[in-house]
Amino acid sequence: MLQLLFAVAFSAVPLTLYMPPIRSLNLFVETIEELLHRTSIYTLSAFPRIRLAFSRILNSITIRLSR
């Protein structure tokens, strides 16, 4: 039983190396939020144009298929 406890404990130690400190994690989350905020402006303005282009492509395909 003691060997199993040591095996589990020592196998979990490398996993703690992959976890960043809380300060770094907060900075990462803050950077992602800022990136999403900046890109959402462009995404919201581009969405209607993409939708219009996609509908025109589908309309031209359906017109050619219906001939």
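Arginine 38 and glutamate 34 sit 4 residues apart in helix 2, about one turn of the helix. The two form a salt bridge, and their closest N and O atoms are 2.9 Å apart. The term salt bridge stands for a side-chain nitrogen of Lys or Arg within 4 Å of a carboxyl oxygen of Asp or Glu. Side chains of opposite charge can pair when their charged atoms come close. The structure holds 1 salt bridge.

This is a predicted model, where local features need pLDDT of at least 70 and side-chain atom pairs count only at pLDDT 80 or more, while totals for chains, interfaces and linings use all residues. Residues are numbered from 1 along each chain as its sequence is written, and side-chain values use heavy atoms, with hydrogens and water left out.

**The chain as a whole**

The protein chain has 2 helices and 0 strands. Both terms refer to DSSP runs, numbered from the N terminus: helices are H or I with at least four residues, strands are E with at least two. Helix 2 covers residues 22-66. Of the 67 residues in the protein chain, 0% are buried. Buried means under 20% relative accessible area, exposed means over 50%, and partly exposed lies in between (1.4 Å probe, protein chains only). The protein chain exposes about 6,900 Å², with 71% supplied by carbon and sulfur atoms. Such areas come from the Shrake-Rupley method with a 1.4 Å probe; for residues, only the protein chains shown count as cover.

| Residue | Relative accessibility | Class |
|---|---|---|
| Isoleucine 32 | 34% | partly exposed |
| Glutamate 34 | 40% | partly exposed |
| Arginine 38 | 53% | exposed |
| Threonine 39 | 34% | partly exposed |
| Serine 40 | 29% | partly exposed |

**A nonpolar patch**

Isoleucine 32 lies in helix 2. Together with Leu25, Phe28, Val29, Leu35 and Leu36, Ile32 makes a nonpolar surface patch of about 540 Å². Patches are made of residues with over 30% relative accessible area and no salt bridge; like charges are joined within 9 Å, nonpolar side chains (Val, Leu, Ile, Met, Phe, Trp, Tyr) within 5 Å.

**Side chain to backbone**

Threonine 39 is part of helix 2. A polar atom of its side chain lies 3.3 Å from the backbone oxygen of leucine 36. Serine 40 is in helix 2 too. A polar atom of the serine 40 side chain lies 2.8 Å from the backbone oxygen of histidine 37.

Technical notes:
A polar contact is a pair of N or O atoms within 3.5 Å; within protein, one must be able to donate a hydrogen and the other to accept it, and residues adjacent in sequence count only if both atoms are side-chain atoms.
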